[in-house]
Amino acid sequence: QVQLVESGGGSVQAGGSLRLSCAAPGYIYSRYFMGWFRQAPGKEREGVATIGSLGRTNVADSVKGRFTISQDNPKNTVYLQMNSLKPEDTAMYYCAAGSLFPSLSTSSYGIWGQGTQVTVSS
């Protein structure tokens with residue numbers, strides 16, 4: 001059984017918007033911080049944003065003011081609203097869980113989704 005299920009990726013023009021979703025089992029969602037990470041071809045996977053069940057967030061400088069992480073607790077779902085998208089945002093986006101604090105480091109997370117592709121054209 002897949003524990004984290006991502007959706008919402010696609011192709012958009014620069015300046016457009018997408019909303020990514022990640023659904024998690026309740027026992028994971030309630031215990032750990034959830035995060036969004038991304039990896040472009042030839043680059044390291046990097047943290048984008050994290051959120052905890054009480055709403056505490058941590059957002060990477062590269063996307064501040066454009067991306068917002070949020071959650072719907074009854075649905076055990078985390079969202080990443082991406083606005084003003086740029087070509088450099090093009091990457092595979094991954095949902096992650098398992099951190100006990102709002103870390104943007106991949107090593108803090110042990111549970112990963114399958115990824116959803118985001119492509120932004122100029």
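Visitor: In β6, which residue is the bridge partner of isoleucine 51?

Guide: This is a predicted model, where local features need pLDDT of at least 70, side-chain atom pairs count only at pLDDT 80 or more, and totals for chains, interfaces and linings use all residues. Residues are numbered from 1 along each chain as its sequence is written, and side-chain values use heavy atoms, without hydrogens and water. Strands are DSSP runs of E, at least two residues, and helices are runs of H or I, at least four, numbered from the N terminus. Isoleucine 51 has its bridge partner in β6, and that partner is threonine 57.

Visitor: Over how many bridges do β5 and β6 pair?

Guide: Two strands pair if DSSP finds at least two bridges between them. β6 covers residues 57-59. Its pairing with β5 is antiparallel, and the bridges number three.

Visitor: Which residue in the turn between β5 and β6 has a positive phi?

Guide: The two strands form a hairpin with five residues between them. A phi of about 95° belongs to glycine 55.

Visitor: What is the bridge partner of glycine 35 in β5?

Guide: β4 and β5 are antiparallel, with five bridges. Glycine 35 is bridged to threonine 50.

Visitor: How many of the six residues of β5 are buried?

Guide: Buried means under 20% relative accessible area, exposed over 50%, partly exposed in between (1.4 Å probe, protein chains only). β5 is mostly covered, and its buried residues number five.
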